[in-house]
Amino acid sequence: MQAEERVESVSALAELVLNARATGTPLRIAGAGTWMDAGRPTSAEQLVSLRSLSGVLEYVPGDLTITALAGTTHAELDAVTAAEGQWVPLDPVGSAAGTVGATIATGSSGPLSALTGTPRDVVLGIDAVLGQGDVISAGGRVVKNVAGFDLVRLLTGSWGTLGILTAVTLRLRARPEMDVTMAVPIPDSAAELGVFLQRLSSLPISTAACELVSPAAASRMQLGDGSVALMRFMGSEASVNAQLSALSAGISGCVPCPDDIWANFSAGDEPGTFAVRWSAARAQLPHLWQAARSAELALGASWSHANVARGVVRQVAHAADTNSLIESWRNVSALEVPSQSPPPNVRFTSAHSQLSSSDRSRVVTIGERMPAAAWPVLCPSAVNDRLSVGVRDAFDPQRLLNRGILGDSAGDSDAVVAAATGGYGNA
Amino acid sequence: MSTSVLPAGTPAHSPLQPAQYERLEGELLLEVAAALGKIVGERWVRSTPSALIAYTSDALPGYSHMPSLLVLPGTPDETVAVVRYLADRKLPFVPRGAGTGLSGGALAEGTVLLGLNRLTRILSVDVENRLAVVEPGVVNAVLGREAARHGLHYAPDPSSQTACTIGGNVAENAGGPHCLKYGVTLNHVAALTAVLPDGSIVQLGNAFAECDGYDLLGAFVGSEGCFGVALEVTVRLTPNPPAIRTLLADFSEVNAAALAVSRIIATGIVPAALEMMDAATIRAVEESIYAAGYPIDAAAVVLVELDGLEAGMEGEVATVASICREAGAREVQVASDPAHRARLWQGRKKAFGAMGRVAPALVVQDAVVPRTRLPAILAAIHETGVRHGVKVCNVFHAGDGNLHPNIPYDATDPEEASRVEAAMSEIMQTCIEAGGTITGEHGVGMDKMKYMPRLFTEDTLDAMCRLRSVFDPERRSNPGKVVPVHSCREWQSAASLRSPRHAG
C-alpha cells in the first residue's frame, strides 16, 4: 500500500496515471478529503489528492464566469467572488472546506438547486486527466456552447470514474440586494402537506430555495418542535419585500430566520451518519415526505429534509443497527403512491411512452453514505448497462479511477468489502 | 450484391462519405428501396433525383449533397424497423428533421436520408408535472401551441421554430433568444427513448425523478444525430411568467449598444432575452415584408425582454432603460401590450429570412464570445468585413455573447465567394482567440468541422470520437459530421486493456 500522493501540477497527475496504468494500480481520487465516506466502497492502492492543485485561473467579473483548479475550496471561491459582488451557484452537501472539483465530480447539490439547477447546469468547461493518462480540455469558458460531443456533461457527476478533474469553468450569479429566509410550520401528513404546497404555489412568490425540514433539525435551528418549511427569497429589495408581504398575507405563522440559518442547516450532516435521497414525481412529494418521516421515527436519531422544487427527500441517520436502517429505508424506496387516473388531457400513449403510470409511482433511491451491505439492496448500480460500461471502457478501460465507487461490476461492492482490507476504502 | 467494407486506406469520396462505405447505387439501391418500401410503404421511399432535390441542402445555402434514398417512417416502430434493416446491411444513414439546420448536419451524399418529420404526434401532456411526451417530428411551435392551451410554454425558441422539429432541436441542443434565462434544449428534456444505430432501444434520463449514474441523456442531446435517433422525447413545460416587459433601445453607434449589453449583464439582472441587430440587418428587415418599424438610421438596436413576478419589474425596467440611455441610446421604447411586444420581436425573428432579399446566398456563423469582449469583437468583425470588401450583417443573442455575423453574397461569383470565405475564417479565429467557441446553437455539422482542431486538442477530439463509438461503433449514424475523421485515432477494444476482474 502506497502513501498518499499529493499532486501539484496537471503534468504530474498525468504521469501518475500513466504509471498507474503501467503497473495496474487502482487509484482513489480525493479533493480536500471531506467526503471520502460517500459512494460505495472502493478498492484502491494509492490515494491521489488534488488539494494542492488549487487557485483561480481566470476570473472576469463582467462575464460572470470563473475558471479554477479543481482543488480550490469553496471557501476560497466564495471569498474571491464575494469581493466582486458575485457568488458561485453551487450548494453541495458539506462545508466550504470542500473542493469545487469534488462538487462537480459528485454532482452534489442542495437547497439552492431550486434556483440554480444542479452542477450539470452550472459547469461550462472541464479539464481532466482520463484513465489512460490522456489530458483533455472539454467545453469552454463561454455560457453557450454546443461544439462537439458533450464531455462536460458526462464528466460531471461521474464520481471520478471517467477522468480526474483538474480545472472547472463555472457560471456565476450576482449577489442579490436582499437575501432573506422565512420559516413556517408544516403538517407531515401527505394530504395536508399537499394542500399547503398547493397554497404556496398559488402565491405571487418565487423562492430561491424551499426546503422542508423535520423536527430534529428544526429544533436544532430553534424553529420549534415540528416540521417547518424554510423559504429563501433572493432579489431586489422591491421584489423581495413584495413577496414577503404576499407570503404573510397568504400563509400564517411565518417567522424570519437568522442569517446563519443555512450554515446551521448543513451542520446537521454529522460525521458517522448515513445519508440517502429519494425522489419521485414532484406531485408525489407529500407522500414521499410522509413515508420518510415514518422511517425517521422508526430509526430514532435522524432528520429529513426535502427540496420542494426538485421533488427530492433526503434523510440523514445515525444507526447502530444497520439492519433496521436498511429495513426502514427499503420501505420508503418501495413506496407505491396510489396511482391517480390519467389526467384528462392525455391523448394516447404508445408502447414506448415515458409517461406510464408505473413510472409515476416509482421512487428512485440514490445513496450518498450507506453501510456497505445496504448498497446492493437499496441502490442497484446504475452504471452496469451497456452504454455506461462502454463509456467507462472508453475513458478508463483498466478501471483505475475510483474503482467500485458507482458499483461498476469490476469493483463489485460485496466482493470489495470482503477482499479490500487495508486499502483506501470507505474507512 | 455485397456491402463489404472497403479496404482501409481507400480515399474517401467526400467528407460525408467515409472510406468504409460504398455509395448506395445500382442494384443495391433498388434492393434497399424495395426492402424499406415494405416497412414504411412504397410511397414513403424516394430514390429519384427529382424527388430528392429538395433534400440536398438544409437552411445553409452553400452546400448541396444528393442522398441516394429518402425513407420516411410514419411511426416509432417503423423507424426502429428501418434502423434495424440498415444495421443488418451495414448501411450508413443521416437522420433529418425539417431541414432547417444551419450547419449542414442533415445532408447525405450517396447514402440514406432518414426523415423523421412524419412522426408528428404529441403523445401526452401531464399538466400537473409539467411534462409532455412528443415524437421527434413535432414542430417546435406546434408544441408551443399545445402547451399554451394549458397555460404553459415550451421555452427553447429558435428563430426557425415555426418549422423546426423537437427531434432536430434535441440533435443540436438548440437555443433561441429565451435561452439566456431559461436554458437550452437540454435543460428542457427530462428523458428520451432512442434507437441506437445497431437497432437497440434505450431509455435515457428519467422524467420523474433524479437519475443515478452517467448523464447519458446529456451526452445524447446535442450529439447531432451521430449517436442514434430519438423516438420519443419527454420535454419539460414552463409556467408562463406573470409579467413581461419588452424594450427596444436604438443607438447611433454599435459600440454604445455593445457596451449597454455588457453593463446590463454585469448588474446581475438576467433578462429573459437580450438581442442585438446592426444597421445592415435592420435595413434588410425594414425593406422586407417583415418590416417591424425599427429606426432605419440606427447603427444598432438592442431588444431586451424582462420577465418574472410583477413585484420588482418596474425597477428592473427602469435600471435597464437607464443603462441604455447612459450608454447613448437615442430612444428606449417599452412595450407592455402583447401586440406591441409581438411587433418588436417580429423584426428580430424574421431577420434571417429578410437576408434572402439582399443576396441569393448567405454565410451564417454562430460563434460565442465572452460578453465583456463584445465591443472589441464587433469592431474587429467590422474591420474584417471592410478589409475583405464584404458586408457583414450582425444579428445575435447579445446576452450570452452568441454572435451571428451573416454575409449575404453571390455564390456564383468565385472571387466574392473566396473573399467571403477568408472573412469568415478570420472572424472565427478572432472569436476563438477571444476565449470563445465556434458554435453556440447551430451545431458543428459539416460546416464547422474545419474549425474543431483550432478549438480542441487532439486528445480532446479523440475522447469525443471514443464517446461516439460507444453509441455508434460502426460510425453509420450521420457519418462524417462533427469531429474530423482524421482526429479519431483507433482505440483498442476495452477487453484487451482491462486488467483481470476481482473474483466474485
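Biologist: Before we start, what should I know about the model and its numbering?

Modeller: Residues count from 1 along each chain as its sequence is written, chains are lettered from A and ligands numbered from 1 in the order in which they are written, and side-chain values use heavy atoms, with hydrogens and water left out. It's a predicted model, where local features need pLDDT of at least 70 and side-chain atom pairs count only at pLDDT 80 or more, while totals for chains, interfaces and linings use all residues.

Biologist: Okay, how many residues does each chain put into the contact?

Modeller: Contact here means heavy atoms within 4.5 Å.

Biologist: And how much area do chain A and chain B bury between them?

Modeller: About 7600 Å², with 59% of it on carbon and sulfur atoms. Buried area is the accessible area (1.4 Å probe) that two parts lose on being put together, summed over both. The accessible area lost when parts come together is often how the size of an interface is given.

Biologist: How many salt bridges are there between chain A and chain B?

Modeller: The count is 6. A salt bridge is a side-chain nitrogen of Lys or Arg within 4 Å of a carboxyl oxygen of Asp or Glu. One to look at is Arg386(A) with Asp198(B), at 3.0 Å from N to O.

Biologist: How many residue pairs are in polar contact across that interface?

Modeller: The rule finds 19 residue pairs, both residues at pLDDT 80 or more. A polar contact is a pair of N or O atoms within 3.5 Å; within protein, one must be able to donate a hydrogen and the other to accept it, and residues adjacent in sequence count only if both atoms are side-chain atoms.

Biologist: Let's zoom in on Gln243(A). Buried or exposed?

Modeller: Buried, at 3% relative accessibility. Buried means under 20% relative accessible area, exposed over 50%, and partly exposed in between (1.4 Å probe, protein chains only). Gln243(A) lies in helix α9 of chain A.

Biologist: What does Gln243(A) touch?

Modeller: Leaving out residues up to four places away in sequence, Gln243(A) touches Pro204(A), Ile205(A), Ser206(A), Phe233(A) and Leu309(B). A polar atom of the Gln243(A) side chain lies 2.7 Å from the backbone nitrogen of Ser206(A).

Biologist: New topic: how many disulfides does a search of the whole structure find?

Modeller: It finds 1 over all chains, where a disulfide is a pair of cysteine sulfur atoms within 2.5 Å. Cys465(B) is joined to Cys488(B), S to S 1.9 Å. Cys465(B) sits in helix α16 of chain B and Cys488(B) in the loop between α16 and α17, 23 residues apart.

Biologist: Why is that disulfide of Cys465(B) and Cys488(B) called left-handed?

Modeller: Because the torsion about the S-S bond of Cys465(B) and Cys488(B) is about -55°. Cys465(B) is buried at 3%, and Cys488(B) counts as buried at 19%.

Biologist: What about Cys210(A)?

Modeller: Cys210(A) is in no disulfide, and its nearest cysteine sulfur, on Cys254(A), is 11 Å away. Cys210(A) is buried, with a relative accessible area of 7%.

Biologist: Which loop holds Asn173(B)?

Modeller: Asn173(B) is in the loop between α5 and α6 of chain B. Asn173(B) has a positive phi of about 55° although it is not a glycine, and it's buried at 7%.

Biologist: Last one: where is Asp297(B)?

Modeller: Asp297(B) is in the loop between α9 and β14 of chain B, and at 54% relative accessibility Asp297(B) counts as exposed. The side chain of Asp297(B) makes a polar contact with the side chain of Arg330(B), at 3.0 Å.

How values were computed. Helices (H or I, at least four residues) and strands (E, at least two) are DSSP runs, numbered from the N terminus.
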